[in-house]
Amino acid sequence: MKESSDFEFDDLQGLLRFGYGKLTDTSFLLLNIVNADLAKKWLETAPISSAVTQDPPPETALQIAFSVEGLRVLGLEESVVEGFSDEFIVGMAGDESRSRRLGDIGSNAPQQWKWGGNAAQVPHVLLLLYATEGGIGAWQKTIEGEHFSNAFELLQELPTLYIGDIEPFGFPDSISQPTVDWMQRQSTDTHERDRYSNLLAPGEIVLGYRNEYGQYTARPLIDPRKDKLATMLPGAEDDPPLKDFGRNGTYLVLRQLGQDVPGFWQFLDQVADHIPEKREQLAAAMVGRELDGTPLVPAHIPGISRKEYENDFTYEQDPKGNYCPLGAHVRRSNPRTGDLPTSACGPVDRLIKILGFGQRPDEDLVASSRFHRLLRRGRTYGPALAPKDAVERHAPVAERGIQFICLVGNISRQFEFVQNAWTMNSKFDGVQDEKDPMLGNREPLMSGESTDHFNSPDPAGPMRTTCHLPQFVTTLGGGYFFMPGLRALKYISALPANRTGSPS
Amino acid sequence: MTPQSSFMIVAAVRNGQLKDLRALLASMNNLPGHADPNNELMPFGKFDRLHFARFVLIEARTAQEIRAFGVTPRPWQPTLAFLGDIDGDMQTFFLELIERAEPGLKKIFSHCEGFSEENQDLLGWMKANNINASATYVNWIGRTVRQIHEEAALHRSLSAYLPKTVDDVGRENVRALRQKLLSYVEMEKYKGRLTLTPPEPTPPEWKMRNLLHMIGVPLILLLLSPLLLVIALIFALRLRMLERSDPELFIRPSREHLAELTVQEDRDVSNQYSVFGDVKPGGVRLLTFKFVLLVTDYLARHIYNRGFLARIKTIHFARWVFMDNNHRVFFASNYDGSHESYMDDFINKVGWGLNLTFTNGVGYPTTRWIIKEGANREHAFKYTQRRHQIPTEVWYKAYPGLTAVDLARNSRIRQGVEIRQSNDAEIREWLSLI
């Protein structure tokens, strides 16, 4: 394994390494390409930010990603496009079976989305602009330059608004993030690593590197003998004669999730008999963290406050969900499980575990979290509304929510798996017909069994059930994008003009 | 205890009849690939011994892959297979089939070779066309459809009643809670709203056969062990050579094929899976395959018969069947969750077991010492298993909405009604299940 410290950060778009948390002003633009030649001209000089650290930190940043149609319009050969995954090629809303898996049914159905809900509505380009407070207008002017307005048509500017490091319901957001093991120091072999670890192989997030299976995720590779232009691309580590169009790129999943903040807090207030402490307790149980971000598991190091360990814990001490309910949002989104149900002591114990013996019937239902991690880069929108104001009957109504963004190397094994097998699964970890209390839709099962409740296991015995949960989060739009490495961007902008098609 | 058994009636489809048959089978569905339990042809819902059933049109979509081994593909005529997993024996179930669905079955089978709708002895034909699996897996041997329904009703009833009881007596007084719940169950039973049928006595001849199998297989293996040990070494080396020289096929399934499969999936909490492919050429491969399945079948019958198959707790029923004179193999399973999670569970939890078995199938990713790598070559594995998967025309599950984990929990709840817990901790544990 390589031990050099010179990872190609200069070829990566910065979002893969930084959250740009200091750049609180953002503008997310959904664009269609109206003139491919001008678009490429613009792209040639566009100041796309790399992942190299700067001192002092930059005051602006620009990132770009393309939908499959966008890449086609820019003239990427179909043979190259076919190297991408099926999820990316078909799109988030392009297949009813996928929508069913993702829980995009009922009020979440793509037919009702504000954008991206059908093939004609999928934007070609996603442009992400970041600036320090008050700087976004000037930054937008700067990057647009001369060709922009003739090259692109603005379909929509997605709303974003910084309201502090919280999401609209009032909880701290993006605490649980994997740490990318850029130097590949950690082994991916399950023999050396059966515990949960937050360190993630770069191939899980960036294409062109080994993933957690020690394998290279499929991606477009180009033969430079057939395509001279491709010589500017990095080589494919696993297939040296070929050039790697995917290397240092990533899939970007974007979903606009509307959050009904007054609806959420008013429902809880009513269930909690208008007692603020009780209300917040129930909210914390649903989220899996307290309003200040403290996880609901017992501190695992005596004498040190849990707050300091907000991302350094597992649920091993809480198998039944007595502290943090099994169905709580953060537990579903990252169950923090290792490859074996509990760590093995010695080869015999290991064998017993591998053969499945000595387990409780409800144990080991969710394993190997490391294959299903997401690097999240979302931003909120809508005015802040504190819980104490949200419970008021005349709480100001506004569109609020999150522009959920995650970066992954494998959309189906990471984003779609988390969404389907964990978040929307009414049987996750053995729970009884309930979906994610925050994110879930409330559609009943095929058998007619309702799923609109939330159970909190209780050490005393009987579970505490909250019934008739309204839907708090609605999918309003979404799409799968590819965020190329910088050399791949150069390749795109250099694609010959005669290959360009017109937008279909 | 009523043991489970399975059947698989197989017949080649007459030339030119495939399209009609497909349309006829589709007419039994109310959702793509999902049977309407009350459909006229085959009213699955009327059979109270039937867990799962499916009609599959087995077509050799990947027949050309074997060319990579320098072998000419054998001809394969599209074949109809009717599979079911049932309580009790096959013979009496076939009689039930005839009693309730004779016209429908005749109509379906009339598309097959060797069947005439007018003057056919249906029972004899079904028995003659039934093929046995080399290995079968039953999640919980002895758990009947009737028991599943009764226990699900018990759970539903108790979970509706428990909150009221907690309001009355409080959640700390667990003994009083239990007492109230038990009296409630008695009352509901008395009123005829709940039934908890005691298990039937185990058929003595099944018991005897099972015992003989349990002792016999290891005994024979033990007797043969000196011979086996000698062969094993040569075999292992030969297998390793084959692993190194077998061509690796890395073919991506087409999006049309995937769409055909996924349209049937994720409509409920469980899904079905049917795969069909070629056995790798040569006696070493076939013998290895047969031996591994013999061991699998043994373990499934005598060890993994209580809710888990190694670390997997999501499979209800599964079977491995050799076809075409041992040249091809068919695998069918009924599992909980989405296809992606099923496969990821397989790779991460029992990749070694998959490798052992399917390394002998054409198109399976390269293994090392038959348990290493293989499924861990994630893309190659996911591509090949999807490529070899075939759509299931009609699928029936007797208990939609319930996973294997649900069934195990419901049984534990029932157990708690029938056997008194000895201490408060056990009562709490029982209450937490409801």
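The largest cavity in this predicted model has a volume of about 730 Å³. A cavity here is a set of points, on a 1 Å grid over the protein atoms alone, where a 1.4 Å probe fits but cannot get out. Grid points are joined across faces, edges and corners, and the volume is the space filled by probe spheres set on the points. The count comes to ten cavities of 30 Å³ or more.

Lining residues, by definition, have an atom within 4 Å of a point, and the largest cavity is lined by 35 of them. Nearest its centre lie A:Asp173, A:His329, A:Ser333, A:Arg376 and A:Phe404. Strand S9 (250-259), helix H10 (329-333), strand S12 (401-408) and helix H13 (412-423) of chain A each supply at least two residues of this lining. Helix H13 of chain A gives the most, with four residues. These elements are DSSP runs numbered from the N terminus, with helices (H or I) of at least four residues and strands (E) of at least two. By class, the lining has 18 nonpolar, ten polar and seven charged residues. In this scheme, Ala, Val, Leu, Ile, Met, Phe, Trp, Tyr, Cys and Pro count as nonpolar, Asp, Glu, Lys and Arg as charged, and the others, Gly among them, as polar.

I turn to the second largest cavity, with a volume of about 290 Å³. Of the 21 residues that line this second cavity, B:Val275, B:Phe358, B:Tyr364, B:Gln385 and B:His388 are the closest to its centre. At least two lining residues come from each of strand S7 (270-278), strand S9 (328-336), helix H10 (339-358) and helix H11 (378-388) of chain B. The most come from S7 of chain B, which gives five. The classes here are 14 nonpolar, six polar and one charged.

A word on conventions. Residues are numbered from 1 along each chain as its sequence is written, and chains are lettered from A and ligands numbered from 1 in the order in which they are written. Local features need pLDDT of at least 70, side-chain atom pairs count only at pLDDT 80 or more, and totals for chains, interfaces and linings use all residues, while side-chain values use heavy atoms, with hydrogens and water left out.

Next, the organisation of chain B. An automatic or database domain assignment divides chain B into domain 1 (4-143 + 202-397) and domain 2 (145-198 + 403-432). Their centres, taken over C-alpha atoms, are separated by 37 Å. Thirteen residues of domain 1 and ten residues of domain 2 take part in the contact, where contact means heavy atoms within 4.5 Å.

Where in chain B is B:Arg267 found? B:Arg267 sits in the loop between helix H8 (255-262) and S7. Leaving aside neighbours within four places in sequence, B:Arg267 is in contact with A:Arg100, A:Met446, B:Leu31, B:Pro32 and B:His34. Its side chain also reaches the backbone oxygen of B:Val263 at 2.9 Å.

Finally, A:Gln186 lies in the loop between strand S5 (179-180) and strand S6 (199-200) of chain A. A polar contact of 3.0 Å joins its side chain to that of A:Ser197. Such a contact is a pair of N or O atoms within 3.5 Å; within protein, one must be able to donate a hydrogen and the other to accept it, and residues adjacent in sequence count only if both atoms are side-chain atoms. The backbone oxygen of A:Leu199 lies 3.0 Å from a polar atom of the A:Gln186 side chain.

Definitions and conventions:
1 Å grid on protein atoms, 1.4 Å probe; cavity = no way out; pocket = protein on both sides within 12 Å on 5 of 7 lines; lining within 4 Å.
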